[in-house]
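Subject: Structure for you to look at

Hello,

Here is the structure I said I would pass on. Please open it next to this message; my notes follow below.

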Amino acid sequence: MYFDSHAHYDFDAYDADRDELLAGLPAAGVDTVINVGAGVMSSYRSLKLARQYEHVYASAGVHPHYVDSMTDADLDSIRKLAGDERCVAVGEIGFDYHYMRSTRENQRKWFEKQLQVAKELDMPVIIHSREAVRDTLDVLRKYEIKRGVVHCFTDDDEAAIAYEALGLYIGIGGVITFPDAKHVVRAVKAVGASCILIETDCPFLSPVPFRGKRNDSLKLRSICEKIASVLDISLDDVANITNYNASKLFNLSI
């Protein structure tokens with residue numbers, strides 16, 4: 001029923017119960033999970049999980065936090081990982097101007113290089129963009145990126161409309177349930193369900209009423225309930241439409 005388009009089950013927050021949790025997701029109504037690579041080793045771990053669980057797929061990429069130490073050898077590793085049939089996207093890649101753990105120059109350099117890999121392989125991209133809408137749009141337009149998702153969307157309706165115009169989806173997670181996230185609510189209203197994927201970004205950003213606790217895909221229902229309320233459609237409609245959107249983006253027959 002639910003398609004979690006962005007999770008990080010390879011992170012050590014799940015070391016104690018990872019197998020039990022992942023194995024139980026289908027019975028709990030979570031049909032598909034994209035475990036997203038945050039670095040080269042994270043991407044290898046993601047692919048390992050995708051090979052272990054039929055309902056889990058992987059992506060490969062280096063998060064903007066870590067690109068100051070990125071090399072061309074890492075780019076070759078991403079290209080190799082992305083060529084595996086269980087890997088369905090390049091990402092997460094992009095800009096993070098909030099924490100600035102890598103320089104702006106390196107963030108742009110390696111974002112562009114990873115986009116080039118995605119274009120070479122004709123794969124969608126999973127984009128991380130925090131406080132960087134203008135630069136993100138500039139790079140996406142430069143490389144004519146038309147298949148992807150801006151994950152953990154926390155910007156305004158103007159940004160959502162601009163991404164939609166490029167053919168991209170926006171990933172909506174637990175933030176939409178936060179009391180101070182009225183701008184995300186407006187963005188969802190502006191683009192509608194046809195432009196949305198649902199995600200957890202787990203173990204981070206648990207939705208209300210679980211805020212502050214470790215997140216997981218079982219909490220997608222709370223996110224969908226909020227989206228359903230915002231768009232005045234049924235919970236099943238949200239689940240079905242976002243499942244269709246994600247399956248289409250990642251080229252999965254589910």
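A residue is called buried when its relative accessible area is under 20%, exposed when it is over 50%, and partly exposed in between, using a 1.4 Å probe and protein chains only. By that rule, buried residues make up 60% of the 254 residues in the protein chain. The model is predicted, so local features need pLDDT of at least 70 and side-chain atom pairs count only at pLDDT 80 or more, while totals for chains, interfaces and linings use all residues. Residues are numbered from 1 along each chain as its sequence is written, and side-chain values use heavy atoms, with hydrogens and water left out.

Overall build

The protein chain has nine helices and eight strands. Along the principal axes, the C-alpha atoms fill a box of roughly 45 × 40 × 35 Å. A contact means heavy atoms within 4.5 Å. Of the contacts in the protein chain with a separation of 6 or more, 72% are between residues 24 or more positions apart.

The largest pocket

The search uses a 1 Å grid over the protein atoms alone. A pocket is an open set of points where a 1.4 Å probe fits, with protein on both sides within 12 Å along at least five of seven lines; a cavity is a set from which the probe cannot get out. Lining residues have an atom within 4 Å of a point. Grid points are joined across faces, edges and corners, and a volume is the space filled by probe spheres set on the points.

The largest pocket has a volume of about 680 Å³. It is lined by 25 residues, and Tyr99, His128, Arg130, Asp201 and Leu205 lie nearest its centre. Two elements give two or more residues to this lining, β4 (87-96) and β5 (125-130); β5 gives the most, with three residues. The lining divides into ten nonpolar, eight polar and seven charged residues. Here Ala, Val, Leu, Ile, Met, Phe, Trp, Tyr, Cys and Pro count as nonpolar, Asp, Glu, Lys and Arg as charged, and the others, Gly among them, as polar.

Backbone details

Asp201 lies in the loop between β8 and α8. Asp201 counts as buried because its relative accessibility is 9%, and it has a positive phi of about 55 degrees although it is not a glycine. Pro209 is in the loop between β8 (196-198) and α8 (220-231), and a cis peptide bond with omega of about 15 degrees joins Val208 and Pro209. Another cis peptide bond joins Gly91 and Glu92, with omega of about 15 degrees; Glu92 is in strand β4.

Ala50 is found in helix α2 (residues 40-52). Its relative accessibility is 1%, so Ala50 counts as buried. Leaving out residues up to four places away in sequence, Ala50 touches Val56, Tyr57, Ala58 and Arg86.

Regards

How values were computed: Helix = DSSP H or I, 4+ residues; strand = E, 2+ residues; numbered from the N terminus.
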